[in-house]
Amino acid sequence: MGHPGGHNYFDILRLLIAFILTATMGVHSYYRHTQESIKAVSMRKLIYWLYSLAFLIACVTNFVLLALTIATKSYGEMPPHVGAFTILLVFSYLALLAGARKGPYK
């Protein structure tokens with residue numbers, strides 16, 4: 001919760017990190033999507049595209065929440081499940097990257 005008369009800097013910092021993280025990972029997943037073989041539609045290419053779309057949605061949501069938090073000086077009315085979705089999305093993408101083979105899908 002924001003304290004009266006001022007920003008809750010922890011919430012602002014957390015939302016800023018979430019915004020930057022989702023934007024960076026979204027760009028990365030889209031880049032990986034474009035690096036997959038153009039000749040064939042592969043499951044991995046589709047997965048990277050879906051992750052880039054999910055990161056775009058999470059990025060926009062986190063940006064809007066960041067702007068609202070700064071404008072209203074309070075995070076109290078924001079939905080808590082957005083942070084949980086962001087964390088799950090980031091960790092599931094990291095798990096995908098850890099298990100992905102090196103080089104393009106053949």
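1. The largest pocket holds about 190 Å³ of space. This is a predicted model.

2. The lining of that pocket is made up of Phe10, Leu13, Arg14, Ile17, Ala18, Leu21, Gly83, Thr86, Ile87 and Val90. Two helices, α1 (9-35) and α3 (81-99), each supply at least two of the lining residues. The largest share comes from α1, with 6 residues.

3. By class, the lining of the largest pocket counts 7 nonpolar, 2 polar and 1 charged residues. Gly counts as polar here.

4. Helix α2 covers residues 43-72, 30 residues in total. At 1.5 Å a residue, α2 should span 44 Å. Its end C-alpha atoms are 43 Å apart, which agrees with that expectation. Lysine 73 follows α2 and has a positive phi, near 60 degrees.

5. There are 4 aromatic pairs in the structure. One of them joins tyrosine 51 and tyrosine 93. The centres of these two rings are 5.1 Å apart, with 55 degrees between the planes, and the pair is tilted. Tyrosine 51 lies in helix α2 and tyrosine 93 in helix α3, so this pair ties together parts that are 42 residues apart in sequence.

6. Are tyrosine 51 and tyrosine 93 buried or exposed? Both are buried. Ring pairs also link Tyr51, Phe55 and Tyr93 into a cluster.

Definitions and conventions: Residues are numbered from 1 along each chain as its sequence is written. This is a predicted model: local features need pLDDT of at least 70, side-chain atom pairs count only at pLDDT 80 or more; totals for chains, interfaces and linings use all residues. Side-chain values use heavy atoms; hydrogens and water are left out. Helices (H or I, at least four residues) and strands (E, at least two) are DSSP runs, numbered from the N terminus. The expected span of a helix is 1.5 Å times one less than its number of residues. On a 1 Å grid over the protein atoms alone, a cavity is a set of points where a 1.4 Å probe fits but cannot get out, and a pocket is an open set with protein on both sides within 12 Å along at least five of seven lines; lining residues have an atom within 4 Å of a point. Grid points are joined across faces, edges and corners, and a volume is the space filled by probe spheres set on the points. Rings of Phe, Tyr and Trp (its six-membered ring) pair if their centres lie within 6.5 Å; planes under 30 degrees apart count as stacked, over 60 as edge-to-face and the rest as tilted. Buried means under 20% relative accessible area, exposed over 50%, partly exposed in between (1.4 Å probe, protein chains only).
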